[in-house]
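This report is meant for a reader meeting the structure for the first time. Please keep the sequence and the model in view while reading.

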Amino acid sequence: MRSWRSRLNMLGNRSFVLATLTLVSAAAMAQFDGPAPLAWRWQQSSPSAPTGAPLVDGNNIFLNLGNRVYSIDRESGNTNWKFPNVQPIDGTFRRSPVLVQGVLVSAGTDRKVYGVNPSNGELKWVYESPSTITGQPLSLGKFVAFPLEGGSFTALDATTGLSVYETPYRSLDGIAGPLTGNGRDSVMFFDNRNKLHSINVSSRRSNWSVPFAIRPTDGTVESAGGYVYTYSANYLVCMNESTGSPKWQVPVSEPMSFSPEVGAGVVVAVSRSGNAYVYSDSGTLKTRTPLALGSVPLAKPTILGKKIAFALTNGSFTIVDAATGAVDWQYYVRPMNEAAKAALNSGSAGAGAPGGAPGGAPGGALGGGIGGGALGGGLGGGQGLGGAQSNNTAAPVVTVPIATQIVLAGSTLLVTAGDSSLLAFDKVTGVDLTSPVVKTLWPSSGEMIAGTNGQEFLFQIDDDTSGVDGKTISVTIGGKPYSYDFGKDGVLIVRVSQAKKNPSIPSGRHDLVVTVSDWLGNKTTHSVSLKVDNALPLVPRIKPATDGQGGPGGAGGLGGGAGGKGG
């Protein structure tokens with residue numbers, strides 16, 4: 001009879017029968033009753049967009065941005081402090097900070113780890129690493145651990161910043177992907193021979209190692225509630241964190257991105273093509289059909305109790321009901337103002353393409369990939385922030401890519417953006433009493449036009465507070481409903497076309513009425529008086545800026561492939 005390790009090694013070749021079990025989910029899993037208004041939007045000048053999600057402790061938000069660490073007040077959006085206060089570090093902070101034993105710890109590309117007082121931003125200690133730090137620092141009891149180049153990792157005493165190892169722990173077969181911590185005493189990682197290891201940080205001894213037939217492309221693992229989740233070929237696998245023994249495994253129908261996200265009694269898996277699958281904590285598929293997200297996910301999803309938030313590469317995030325798959329909210333992140341929009345279109349770098357090749361270069365300033373593991377598999381940044389081409393034919397940027405995984409802090413939903421801003425949505429501290437703004441783009445007011453086949457009417461619809469609810473849009477001409485197209489650029493296009501069952505408009509005066517609401521129910525009715533003379537020829541209109549190609553993409557993230565073209 002084969003051992004359980006032998007059976008796990010056969011994953012990807014044939015399935016095996018496992019007993020089901022009920023996982024212990026976080027009882028205090030936060031709920032979010034979205035949609036919610038934009039309470040504030042914080043922004044700082046930075047050489048790069050954030051590549052690590054914000055960390056929240058009480059009313060304080062900690063964000064690594066460029067070459068500084070910031071503390072931000074959750075309710076007001078005001079900056080509490082920044083570190084360094086005067087001269088920035090000679091490098092950048094590329095990942096999230098961690099809070100260990102009352103010390104805020106951040107790793108820089110300058111091979112240094114900084115321990116900061118979270119109350120005032122004063123430096124407590126600095127550790128100089130013997131080699132490049134290649135991944136996210138982890139909070140493990142009184143220690144902070146982080147991976148180093150060359151297939152090794154080390155650990156520090158968080159209170160003093162002193163190394164607890166004489167020499168870093170080195171894996172003989174390297175480290176293929178990021179380190180994952182259990183939050184207490186151990187780290188997990190895949191090696192280059194497809195073995196998944198669990199190592200006790202204090203003793204440096206192996207808890208267990210399990211061979212896989214095929215490891216996940218980016219080597220990612222999720223630890224939650226005493227269990228470990230990962231992928232092997234076309235299987236989603238759940239293992240006991242203490243022993244490494246398998247608990248269940250289920251087939252998945254397509255290649256997946258990131259590690260599974262776990263919480264509130266569900267396991268969420270997202271595919272590279274933009275589908276999401278929800279499983280129960282015993283491995284039962286809860287979604288009869290995949291949740292089509294409409295765009296490729298940029299980061300791991302965030303479980304918000306009974307709902308799931310997805311950051312997408314089209315510059316939006318969407319919140320989906322986990323039980324029904326219904327979209328409860330979708331919000332497109334826009335440039336902060338016209339000046340910001342002009343700056344983004346002046347030639348900023350585009351987003352990195354999805355990674356996959358080993359050893360990709362770090363991403364660009366505003367479009368670099370989200371870093372993958374040490375040996376590749378990083379995913380590219382979001383939609384490109386590329387500027388106008390030299391022939392001035394490129395369309396302006398209409399959305400700003402989301403930069404990292406979405407974070408829920410109490411009643412506040414935090415979203416990082418590629419323009420170095422942080423958006424906070426909150427029903428308690430935010431207010432939305434304004435309805436969407438509708439502007440007529442074509443034709444000009446009072447202009448005589450033809451109402452024959454091919455005529456178009458264009459409107460710009462914007463709502464920065466809670467976003468435009470596209471399901472509420474209706475258009476009538478002379479009291480008759482007309483179909484329309486509404487894009488992520490906020491442009492509404494109504495075409496007179498028999499193919500769209502939009503009949504020609506008789507000569508005379510007619511009212512064109514656009515009705516739309518935002519996601520919080522604030523309603524706008526916009527009316528335009530049309531003067532139609534069908535004896536006139538159609539006049540070509542100037543097309544508004546939509547989603548053209550941006551400038552060239554930045555390089556992929558650490559471990560990612562080369563950059564693609566901005567969206």
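## Salt bridges: the term and the network

A salt bridge is a side-chain nitrogen of Lys or Arg within 4 Å of a carboxyl oxygen of Asp or Glu. In this predicted model, E222, E261 and K300 are linked in a network of such bridges. K300 lies in the loop between β25 (291–292) and β26 (302–304) and E261 in strand β22 (residues 256–263), so the pair ties together parts that are 39 residues apart in sequence. Both K300 and E261 are buried.

## Overall composition

The protein has two helices and 41 strands. Of its 567 residues, 56% count as buried. The accessible surface comes to about 23000 Å², and carbon and sulfur atoms account for 50% of that area.

Contacts between residues at least 6 apart in sequence can also be sorted by separation: 54% of them join residues at least 24 apart.

## Further salt bridges

The structure holds 12 salt bridges. One of them joins R74 to D426, with the closest N and O atoms 3.8 Å apart. This pair links distant parts of the chain, 352 residues apart: R74 is in the loop between β4 and β5 (79–83), and D426 is in the loop between β32 and β33. R74 and D426 are both buried.

Another salt bridge brings together the side chains of R193 and D173, at 3.0 Å from N to O. Here the partners are 20 residues apart, and again the pair links distant parts of the chain: R193 belongs to the loop between β15 (186–190) and β16 (195–200), and D173 to the loop between β13 and β14 (180–181).

Strand β2 (residues 55–57) and strand β3 run antiparallel and are joined by three bridges. Within this pairing, D57 stands opposite N60 of β3. Two residues lie between the strands of the hairpin, where G58 takes a positive phi near 65°.

Strand β3 also pairs with β4 (residues 68–73), again in antiparallel fashion, through six bridges. F62 stands opposite S71 in β4. β3 and β4 likewise form a hairpin with two residues between them, and G66 in the turn has a positive phi of about 60°. How many of the six residues of β3 (60–65) are buried? Five of them are, and the strand is therefore mostly covered.

The partner of β10 is β11 (residues 143–148); the two run antiparallel and are joined by three bridges. S139 stands opposite V144 in β11. In general, strands of a sheet pair through backbone hydrogen bonds, either parallel or antiparallel.

What does the side chain of S171 reach? It extends to the backbone oxygen of G174, at 2.8 Å. Leaving aside neighbours within four places in sequence, S171 is in contact with G151, F189 and D191.

V428 counts as exposed because its relative accessibility is 66%, and the cut-off for exposed is over 50%. D426, by contrast, is buried.

V428 and T412 are 16 residues apart in sequence, and their C-alpha atoms are 8.4 Å apart in space.

Definitions and conventions. Residues are numbered from 1 along each chain as its sequence is written. This is a predicted model: local features need pLDDT of at least 70, side-chain atom pairs count only at pLDDT 80 or more; totals for chains, interfaces and linings use all residues. Side-chain values use heavy atoms; hydrogens and water are left out. Two strands pair if DSSP finds at least two bridges between them. Helices (H or I, at least four residues) and strands (E, at least two) are DSSP runs, numbered from the N terminus. Buried means under 20% relative accessible area, exposed over 50%, partly exposed in between (1.4 Å probe, protein chains only). A polar contact is a pair of N or O atoms within 3.5 Å; within protein, one must be able to donate a hydrogen and the other to accept it, and residues adjacent in sequence count only if both atoms are side-chain atoms. Contact means heavy atoms within 4.5 Å. Accessible areas come from the Shrake-Rupley method with a 1.4 Å probe; for residues, only the protein chains shown count as cover.
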